[in-house]
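Student: I have a structure open and would like to learn how to read its features. Could you take me through a few of them?

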Amino acid sequence: MQKNISVVISTYNSPEWLKKVIWGYNTQTYRNFEMVIADDGSRKDTADLIEEMRKEVFYPIIHVWHEDNGFQKSQILNKAILACTTDYIMMSDGDCIPRPDFVEQHIKFREEGYFLSGGYHKLPMDLSKNITKEDIYSGKCFEMDWLKKHGMKSSFKNNKVDAVGLKSWFMNLLTPTTPSWNGHNASGWKKDIVGINGFDERMQYGGQDRELGERLVNYGIKPKQIRYSTVCLHLDHPRGYATPESINKNKNIRRETKEQNKKWTDFGIVKNSRQ
């Protein structure tokens, strides 16, 4: 059967975290999706894991890989976009375990002329390591009592984890934020993403997702905030090293996008070409 949504998962040399994420998608209430793994040059153990997990999960997995050449996440995401076989794309990361209704909520709220910005909840390292296959398959890891018992500190943000129905609607209304393309949890129409030429491949170490969202808005696509309706658990990991030069470079690209109302990048899917 033709799939209805492509789930793009970015990863780099984190097979233990990726395995937990793949298990999470095997619990989804909405099943008519494909997974496209955007692999920024991981070692063979990641490819071996994907081959092993294909035998366990109900959904097809497309593995898009290129050789390791430093941080090239934007480039591999653009390759993954082209590999998607459906007309709607959801993006998350290889360290984000989706709640069982994760894909279902993106399908429920998707709408022509919009992109969706969902939520995530960060876990401490010990809890990230200790979540097991059984915890994911049983759904325990999305129960607040279980999370607190295993080291989650009390916080208002904890409301995200188990908000559904009326509560999620009310929380979205109560805590409005400016929606942006959130690399952990966002979705949009493939034609719109391709229409702005995908990610700007000059950008490194974060910010490329928001810059893509800013060009989508300039292109006339409206953002819709659903961060309490669709949630993933963000596993902890050491942060990538970002130099002052790379941070300033990203800021300058985003400033240019804003000031010039840019809809297209010459450094995206199609190179050195203007729409």
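Student: Let's start with one residue. Leaving aside its neighbours within four places in sequence, which residues is Q72 in contact with?

Tutor: Before that, keep in mind that this is a predicted model. Once neighbours within four places in sequence are set aside, Q72 touches D40, H66 and Q204. Q72 itself belongs to the loop between β3 (61-65) and α3 (73-83).

Student: Is Q72 buried or exposed?

Tutor: The cut-off for buried is under 20% relative accessible area. Q72 has 17%, so it goes down as buried.

Student: And D192, what is that one in contact with?

Tutor: D192 sits in helix α10 (residues 190-195). Leaving out neighbours within four places in sequence, its contacts are L216, Y219 and I221. Its relative accessibility is 8%, so D192 counts as buried.

Student: Now sheets. How should I read one?

Tutor: The general idea: strands of a sheet pair through backbone hydrogen bonds, and they do this either parallel or antiparallel. Here, three strands make an open sheet in the order β5-β10-β7, with mixed pairing.

Student: Which strands stand at the edges?

Tutor: β5 (96-98) and β7 (119-122) do. Each has a single partner strand, so one side of each lacks a neighbour in the sheet. Neighbouring strands of this sheet are turned by 30 degrees against each other on average, direction ignored.

Student: How many bridges join β5 to β10?

Tutor: Three, and the two strands run antiparallel, with β10 covering residues 231-234. For a landmark to click on, take P98, whose bridge partner in β10 is C232.

Student: What about aromatic rings? What do I look at?

Tutor: A pair of aromatic rings is described by two things, the distance of the centres and the angle of the planes. A search of the whole structure turns up seven aromatic pairs. In one of them, the ring centres of Y25 and F33 are 6.1 Å apart and the planes stand at 65 degrees, so this pair is edge-to-face. Y25 is buried at 0% relative accessibility, and F33 is buried at 0% too.

Student: What kind of pair do F115 and W181 form?

Tutor: A tilted one, with 5.6 Å from centre to centre and 50 degrees between the planes. That pair links distant parts of the chain: F115 is in strand β6 (residues 114-117), while W181 is in the loop between α9 (165-174) and β8 (186-189), 66 residues apart. F115 is buried, with a relative accessible area of 1%, and W181 counts as buried at 0%.

Student: Which residues do ring pairs link into a cluster?

Tutor: Y25, F33, F58, Y59 and F102. One of these rings has a charged neighbour as well: R31 lies over the face of F58, 3.7 Å from the ring centre. Elsewhere, the charged end of R110 sits over the ring of Y88, at 5.1 Å from its centre.

Student: Let's do a helix. How many residues of α1 are buried?

Tutor: A general point to start with: an α-helix has 3.6 residues a turn, so residues three or four places apart point the same way. As for α1, ten of its eleven residues are buried, which leaves the helix mostly covered. Among them are W17, K19, K20 and W23.

Student: Which residues have the most contacts inside the largest nonpolar core?

Tutor: I22, Y25, V103 and I131, in a core of 42 residues. The element that gives the most to this core is α1, with six residues. Take I22 as an example: leaving aside neighbours within four places in sequence, it is in contact with M35, I37, M53, V57, Y59 and I61. There is also a second, separate core of 21 residues, which includes I89, M91, F115 and A186.

Note on methods:
Residues are numbered from 1 along each chain as its sequence is written. This is a predicted model: local features need pLDDT of at least 70, side-chain atom pairs count only at pLDDT 80 or more; totals for chains, interfaces and linings use all residues. Side-chain values use heavy atoms; hydrogens and water are left out. Two strands pair if DSSP finds at least two bridges between them. Helices (H or I, at least four residues) and strands (E, at least two) are DSSP runs, numbered from the N terminus. Axes are lines fitted to C-alpha atoms, for helices over the stretch in contact, and angles run from 0 to 180 degrees between N-to-C directions. Rings of Phe, Tyr and Trp (its six-membered ring) pair if their centres lie within 6.5 Å; planes under 30 degrees apart count as stacked, over 60 as edge-to-face and the rest as tilted. Buried means under 20% relative accessible area, exposed over 50%, partly exposed in between (1.4 Å probe, protein chains only). A charge sits over a ring if NZ of Lys or CZ of Arg is within 6 Å of the ring centre and within 35 degrees of the ring normal. Contact means heavy atoms within 4.5 Å. A nonpolar core is a set of buried Ala, Val, Leu, Ile, Met, Phe, Trp, Tyr and Cys residues joined through side-chain atoms within 4.5 Å.
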